[in-house]
Amino acid sequence: MSVTEVSSYHRAPEQTPEAPQGCPVNGFNPFAADYQADPYAVLDGLRDTPVFYSHELGYLVVTRMADVSTIFLDPETFGSQNVQDPLFPLGHSAQEVLGAPDFNPVAVMSNRQSPDHGRIRNHTKQGFSNRRMRILEPYIRSRSHALVDELLAAGSPAEFASLFAHRLPGETIFRFIGFPSSDDEQLMEWCSDRLAFTWGKPSEAEQTGIAQKMLAYWRYCRDFVAARVEDPGDDFTSELLAVHHSDPEQLSRLEVESIVYGLSFAGHEIVSNFLSNALICLLPRRSHWNELCANPSLIAGALEEVLRFESPQTSWRRVANRDTEIAGVKVPAGTNILLSLAAANHEPGCFDDPNPNIFDIHRPDARNHISFGKGIHFCLGARLARLEAVVALEVLTERVPSLRLVQGQSLERFANITFRGPKSLLVAWDQASD
Ligand code: HEM
């Protein structure tokens with residue numbers, strides 16, 4: 001199967017349609033430096049036009065919470081088959097790499113449509129059970145402590161993203177899937193720039209390099225599943241295989257392999273960004289941080305405010321399956337749509353406190369954010385993401401209460417349309433906290 005076939009995991013993008021007739025058009029460009037630095041300021045300036053067409057992307061952009069929710073809740077009109085597609089066309093050599101006859105991951109969840117989506121999700125969600133979370137919690141806690149040990153050993157100041165934020169979610173999702181820890185470094189390397197491939201604007205040479213890693217990773221996933229068939233463990237992959245063996249019609253072997261392939265990305269980088277964004281929000285607001293150190297029961301609520309205020313995911317995609325209308329704008333079938341979760345999360349009037357641009361760990365309705373989506377595709381890993389972040393913050397506030405951001409650093413981010421987090425984050429602490 002090639003990357004262009006409809007049911008494949010990543011489809012090559014089709015030709016960009018023109019702006020729908022009568023639709024406002026503007027120069028919105030999420031790759032621009034001003035948007036990458038502060039998307040919220042750019043989006044605030046666009047509030048008078050809740051639906052507009054971006055030539056840069058070839059997408060209709062929807063910014064209002066009510067419209068974003070309506071679209072999420074109507075999967076028949078607004079399909080999700082485009083959510084894992086590269087934003088821009090692939091160069092010849094990347095196509096060639098992914099044209100390998102054995103590169104055949106299929107759409108399984110975020111990009112799979114009803115009724116198959118419901119079937120696959122029902123089986124997959126068993127893996128995110130209370131039992132599995134109870135098994136993972138002590139692992140996440142002990143890894144958080146071990147990573148703090150390493151951070152402290154590195155000495156103040158240290159780089160938090162690579163020493164902690166990247167590793168905790170990576171190791172957690174790999175153990176969840178069942179991958180052996182001896183492969184962690186290789187796995188992180190293979191998965192590291194999938195973000196650029198799908199949501200960024202890589203050069204042709206970069207596309208090819210990433211495609212090679214995707215192919216190597218896919219082959220690893222297939223071999224891993226084959227090994228688990230022979231020797232099941234107490235892990236998510238073995239649970240999926242048990243479903244497959246009891247009824248292959250319910251879950252095919254290729255679907256199991258594709259779920260494993262997709263989950264390593266879905267469950268990793270975004271949580272890394274969530275952890276770094278939490279520190280970016282909390283550490284400079286000292287009274288908030290001190291409150292969390294004194295009263296860890298406030299951490300879960302504070303993290304909901306992080307997800308609202310500085311979400312690691314600022315957008316998601318849909319495509320119109322039929323002619324329709326959004327906020328009075330006629331939208332022809334085939335129109336690609338970018339849902340701005342960032343704009344919706346900062347929309348005046350959507351939350352009790354009238355000023356959505358204020359970060360407040362006590363905001364009572366922060367949990368009404370839309371960062372995990374809504375409806376049938378609502379993030380399957382939300383519980384795991386929340387658990388990882390709560391445990392990480394509990395350990396950091398307990399062990400390093402004097403943690404702070406190094407003053408004067410300028411935060412660089414990977415330019416892309418959907419995921420937001422710093423490439424690196426320098427933190428410091430009083431040596432007495434060691
Ligand atoms: C803070 C961290 C995370 C955020 C903000 C996030 C956000 C999202 C969003 C916006 C969607 C699309 C929802 C929709 O279309 O309605 C989604 C889907 C999904 N997420 Fe997450 N996610 C996070 C962490 C995770 C983790 C840790 C995992 C797995 C371990 C995960 C697995 C998935 C899966 C499998 C889907 C597709 C669900 C479906 O289509 O039925 N996510 N996530």
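The largest contribution to the shell around the ligand comes from H14, with three residues. Keep in mind that this is a predicted model. In total, 27 residues surround the ligand, and Gly267, Gly373, His377, Cys379 and Gly381 are the closest. Besides helix H14 (269–282), the elements giving two or more residues to that shell are helix H13 (253–266) and helix H18 (382–399). Sorted by class, the shell has 16 nonpolar residues, nine polar and two charged.

Now the sheet. It is open, with six strands in the order E1-E2-E3-E9-E6-E4, and the pairing is mixed. Strand E1 (25–26) and strand E4 (78–79) are the edges, each pairing on one side only.

I will stay with E3 for the rest. On one side, strand E3 (residues 59–62) runs antiparallel to strand E2 (residues 51–54), joined by four bridges. Valine 51 has valine 62 in E3 as its bridge partner, and phenylalanine 52 has valine 61. The two strands form a hairpin with four residues between them, and in the turn glycine 58 has a positive phi of about 75 degrees.

E3 also pairs with strand E9 (residues 336–340), here in the parallel sense and over three bridges. In that pairing leucine 60 stands opposite isoleucine 337.

What about the faces of E3: are they covered or open? In a regular strand, side chains alternate between the two faces of the sheet. In E3, Tyr59 and Val61 lie on one side, Leu60 and Val62 on the other, and all are buried, so both faces are covered.

Conventions. Residues numbered from 1 in each chain as written. Predicted model: local features only at pLDDT ≥ 70, side-chain atom pairs only at ≥ 80, totals over all residues. Near = placed C-beta within 6 Å. Nonpolar A, V, L, I, M, F, W, Y, C, P; charged D, E, K, R; others polar. Pairing = 2+ DSSP bridges. Buried ≥ 20, exposed ≤ 12 C-beta atoms within 10 Å, placed from the backbone.
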